[in-house]
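Please walk me through this model, starting with the protein chain and ending at the DNA.

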2 protein chains.
Amino acid sequence: MAHLLVVDDEPRIARFVSRALESQGHVVETARTGEEALRKAAEQDFGLVILDLLLPGIDGYDVLTGLLAQDESARVLVLSAVGDVESRVQCLRAGAADYLAKPFAVAELLARVDSRLAEPSAPTPQRWLQVGSMRLDLRRRVLLDGDRSTALSQREFVLLGHLMRRAGEVCTRDELLSDVWGFCFDPGSNVLEVSVARLRGKIDRWHIETVRNVGYCFSA
Amino acid sequence: MAHLLVVDDEPRIARFVSRALESQGHVVETARTGEEALRKAAEQDFGLVILDLLLPGIDGYDVLTGLLAQDESARVLVLSAVGDVESRVQCLRAGAADYLAKPFAVAELLARVDSRLAEPSAPTPQRWLQVGSMRLDLRRRVLLDGDRSTALSQREFVLLGHLMRRAGEVCTRDELLSDVWGFCFDPGSNVLEVSVARLRGKIDRWHIETVRNVGYCFSA
DNA sequence: CTCCACCTGACAGGCACATGACAGTCGGAT
DNA sequence: ATCCGACTGTCATGTGCCTGTCAGGTGGAG
């Protein structure tokens, strides 16, 4: 089925989880520390990493971000005794594929593992969209530029994504209205201009160049 | 690069479609009624007519047959909110070159227009137009000469594009007025001279040579 | 020299785009 | 249920560029 990595410092739990997953036909490896997990993940490709957040040494959250930094397409299911919302949100925002609080039912874990494995390849192979120093996180809808991180709304995100994907080229107004708004005719309003203005307000404005009578062009 | 006629009673749609086509370098005229369309088509030759089937006054279908009756070599692309098979069949049987149901994607319309216009040629719209050291970016509407980059207005762009495409040859005044402005008569003003002067102000002026009593010629 | 074609600078109206304000919607929190 | 804030579309207004027109200038041909 799939190649999985279970990261847990508690041997009993690791073994328990591994067994369950193996019984479903998966090939499972284990790591007992965050360092080991990062090393193994760097060497091999896992379909999914099941990561316990409470690890000795490195903080589990750092392991999560480390895994994603190593491989932007990595998928991580976080297990945690800490079930509070903040932790969940933090992990999911950081790019975790799923989050399961202990104590959990094995059946649920298996189900979640399967559903995570089932969905991955098709939708977004790419996790990041990078142009110059700007990096758009396609999962989190966040724009990273140097150490600055900017949250984007839905429209802004789709619009910027479109512009960045075609960086250096001109995106025509028609194209943007059609692809970002789904309009096949001129809306008769200035939605596009307004959205571009809002976007410019969030990023260094000169990145989006306007090409009169044609459209807009993103440049680094 | 063709002379097109867009027939639609809805100004917004007409404008939108025209823009899209103009952005591809076509010269577009519009007609708001079937009568106007027939009159214009009788006076001038259009490479393609984009006809909305739902018009006030004359039935769109009658306009289609009228256009074909006037000029049997006319090519008509029918747009219609009615997407049913019967309507499609009827129009195509009547001689329409193509049929596109609303709502449609602009990209598809442009693609269909191009495919109707192009017999064999024009596979990929070129990105650059180069003559000597001068390179015209057809997408960004920018002129690059060495390390210098010059922004061009719409008219300047189309005009320069025309001249560069026929570099070394003389473009007659009529030809330019017709292809760049869509005029089929002398406008009785000096638009052409003024535009050439403006263009000369932006590039090294000797590139555009005037051929007295005939027209202009671009050289490297 | 005179005429004619063309050049050029000035100008005005219009258009494209930018921007701030406002309103409706929606989801989440109280 | 109500409030609040984020998001998004609309509108009014402002600004600068584009573009056609015109008036006057220039230079070559006859």
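Predicted model: local features only at pLDDT ≥ 70, side-chain atom pairs only at ≥ 80, totals over all residues.

Residues are numbered from 1 along each chain as its sequence is written, while chains are lettered from A and ligands numbered from 1 in the order in which they are written.

Chain A has 8 helices and 12 strands; these are DSSP runs numbered from the N terminus, helices being H or I of at least four residues and strands E of at least two. Of its 220 residues, 31% count as buried, that is, with 20 or more other C-beta atoms, placed from the backbone, within 10 Å of their own.

Helix α2 (residues 34–43) and helix α3 (residues 60–70) of chain A pack at an angle of about 10°, and their axes are 10 Å apart. Axes are lines fitted to C-alpha atoms over the stretch in contact, and angles run from 0 to 180 degrees between N-to-C directions. α2(A) and α3(A) are therefore roughly parallel to each other, the term for angles under 35 degrees. On the α2(A) side, the contact (C-beta atoms, placed from the backbone, within 7 Å) is made by A:G34, A:A37, A:L38, A:A41 and A:A42. The residues of α3(A) in this contact include A:V63 and A:L67.

Around DNA strand C there are 18 residues, the closest being A:E193, A:T210, B:E193, B:A197 and B:T210; a residue is near a strand if its C-beta atom, placed from the backbone, lies within 6 Å of it. Helix α8 (191–202) of chain A and α8 (191–202) of chain B are the elements that give two or more residues to this surface.

Key. Parallel < 35°, antiparallel > 145°, perpendicular 65-115°, else oblique. Contact = placed C-beta atoms within 7 Å. Buried ≥ 20, exposed ≤ 12 C-beta atoms within 10 Å, placed from the backbone.
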